[in-house]
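Subject: Handing over the structure

Hi,

Here is the structure I promised to pass on to you.

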Amino acid sequence: MLDTDMDALHQFVVGFLEISALLLIFTLGVGILILIYMYLADVTQTKQAIRRNYPVIGRFRYIFEHIGEFFRQYFFALDREELPFNRAQRSWVYRAAKNVDSTVAFGSTRPLNMPGDIIFLNCLFPTLDEDAIAPRAVTLGEGYARRPYTTASLFNISGMSFGALSVPAVRALSNGAAKAGIWMNTGEGALSPYHLEGGCDLVFQIGTAKYGVRDAEGKLSDEHLRKIAAHEQVKMFEIKMSQGAKPGKGGILPGAKVTPLIAEIRGIAVGRDSISPNCHPEIHCLDDLLDMIVHIREVTGKPVGFKAVIGGSGWLDELFALIHRRGLEDAPDFITIDSADGGTGAAPQSLIDFMGLPVKRSLPLVVDKLNLYNLRRRIKIICSGKLVNPADVAWALCMGADFVTSARGFMFALGCIQALQCNKNTCPTGITTHDPDLQRGLDPGDKAERVYRFATNLAYEVGVIAHSCGVKEPRQLNRHHAHIINEQGIPEPMEDVFPSHQPKPEYLIATDTRAAGESLA
């Protein structure tokens, strides 16, 4: 019996080894055939010199080039040297979104002598917790829109269109924004049911293609405007003139991301690139811009402003002087200033890298111009562009912004790992892809909570900075509360670098040309 068992085991082992040997030979044979094919393909092709000169092994260059960016991010880059956002910036957002301890130990790893960086000035007598107050509410369109918008939120969600973002990402942002009491900008991709789902306040963005508010010919439709305005959640309308990452270029949604649902909402063809015009066909001059602002406000009854990247700034003087000639009722209710280092789902690198002014220059420029023309109280300022940490928001408030918005900050809150795959429909975290398998990893319920925590924890820490500066709430911060590090690495007063401006004498009395007592109803 034992001999029989041993013979059976021996036969099994021999058979297993024979099959394994055959599989190994087959695998080696297939491998050799593949190598021969790759060799012949490399030496005969003419498009890549490396592969032609070094067949087969030359292919490793492209593999290493692809995986190199991931190795640099996780193994080689220091905490404060990555771009567009370094690990220190991202880590703070991740911790705030997860509501875990955001304190650090031993000392700062941030050098305090880098030109352009900000140092806040602590007060000898900081504000006590019992003396602190909530941020002051700000009203947009008061006295000019039939339904002005009042909010105390400091930090809101910037424009990211449905299409650039996935369904679960939009749902998470909408629900998280509602819980945090902040607004969400729809981006130029129209209004989807997922924006409305959470019940948050919404800013409807009108891009150059007029998605969601255009007629069959692609022109602005009053009927569609009224339908959008009929939603109680839609609080304001924003005309998008240009975007930080691609001023002078319209929105780009690759065809791979144009699903049937997105095509239906936008009114475009499925699977085809959705490329918006690089400017509004109806707007050729400043008068046209003000005409459109007035028209949309009259049709919708809600505050209307515009978003722009500041480049050449001469038009600001012309615009503000024109507002005085036409009357304050023709002014925009707000201006959103986007930074040259703003984000995008897809844009030409020549525009991302070289076009427009960064917000550190454009924000004080616009604020000072508004002060010169005595329009600062009439026109509110929203600023955007790489402002994702409390110090960034506090800086903007010091410089004169009324609100700060962020897109990529909230993407980090959703779980973005800065894989730089936004334009390829292969986002590994499910945020900017419409691949159901990748979207499955993004749980809208969990991520909505993270959006809420990020917004509230950031607002709290902006308050911490404000109280350390000796003011009772963040909107009391001004240029006296910060220094800017100069080229020699020495801090100097922000007020000296960007001195405050008083109104020109001819604009000291800004008047409304409407008849006194005219009803807005």
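Gln439 has a relative accessible area of 16%, so this residue is buried (buried means under 20% relative accessible area, exposed over 50% and partly exposed in between, with a 1.4 Å probe and protein chains only). You will find Gln439 in helix α15, residues 436–439. Leaving aside residues up to four places away in sequence, Gln439 touches Ser166, Val167, Pro168, Gly430, Thr433 and His434; contact here means heavy atoms within 4.5 Å. Helices (H or I, at least four residues) and strands (E, at least two) are DSSP runs, numbered from the N terminus.

Before you go further, please keep in mind that this is a predicted model, in which local features need pLDDT of at least 70 and side-chain atom pairs count only at pLDDT 80 or more, while totals for chains, interfaces and linings use all residues. Residues are numbered from 1 along each chain as its sequence is written, and side-chain values use heavy atoms, with hydrogens and water left out.

Now the overall picture. The protein has 17 helices and 15 strands, and its C-alpha atoms fill a box of roughly 110 × 60 × 55 Å along the principal axes. Of its 521 residues, 46% are buried. Among contacts with a separation of 6 or more, 70% are between residues 24 or more positions apart.

Next, a strand to look at. How many of the six residues of strand β10 are buried? Six of the six in β10 (residues 304–309) are, so the strand is largely enclosed by the rest of the structure. Val304, Phe306 and Ala308 point one way, and Gly305, Lys307 and Val309 point the other way.

β10 has partners too (two strands pair if DSSP finds at least two bridges between them). With strand β7 (residues 234–240), β10 pairs in the parallel sense over four bridges, and Glu238 stands opposite Gly305. Strand β11 (residues 334–338) also runs parallel to β10, joined by five bridges; there, Phe306 stands opposite Ile335. Together with helix α10 (residues 314–326), β10 and β11 make a right-handed β-α-β unit. Right-handed means that, with the strands pointing away from the viewer, the path from the first strand over the helix to the second runs clockwise.

Let's stay with helix α10. Its 13 residues reach 19 Å from the first C-alpha to the last, close to the 18 Å expected at 1.5 Å a residue (the expected span is 1.5 Å times one less than the number of residues). The buried residues of α10 are Leu316, Leu319, Phe320, Ala321, Leu322, Ile323 and His324, and what covers them includes α9, β10, β11 and α12 (359–372). Gly327 follows α10 and has a positive phi, near 115 degrees.

Helix α9 comes next. Its 15 residues should span 21 Å, and the end C-alpha atoms are 21 Å apart, which agrees. The buried residues of α9, including Leu286, Met292 and Thr300, pack against β6 (201–206), α7 (222–229), β7, β10 and α10. After α9 comes Gly301, with a positive phi near 75 degrees.

Is Arg297 buried or exposed? Its relative accessibility is 5%, so Arg297 counts as buried. Its side chain reaches the backbone oxygen of Ala331 at 3.0 Å. That is a polar contact: a pair of N or O atoms within 3.5 Å, where within protein one must be able to donate a hydrogen and the other to accept it, and residues adjacent in sequence count only if both atoms are side-chain atoms. Arg297 also touches a list of residues that includes Tyr144, Val304 and Arg378.

Finally, the cysteines. A disulfide is a pair of cysteine sulfur atoms within 2.5 Å, and the count by this rule is zero. For Cys383, the nearest cysteine sulfur, in Cys398, is 12 Å away; Cys383 is buried, at 0% relative accessibility. Cys422 counts as partly exposed, at 21% relative accessibility.

Enjoy exploring!
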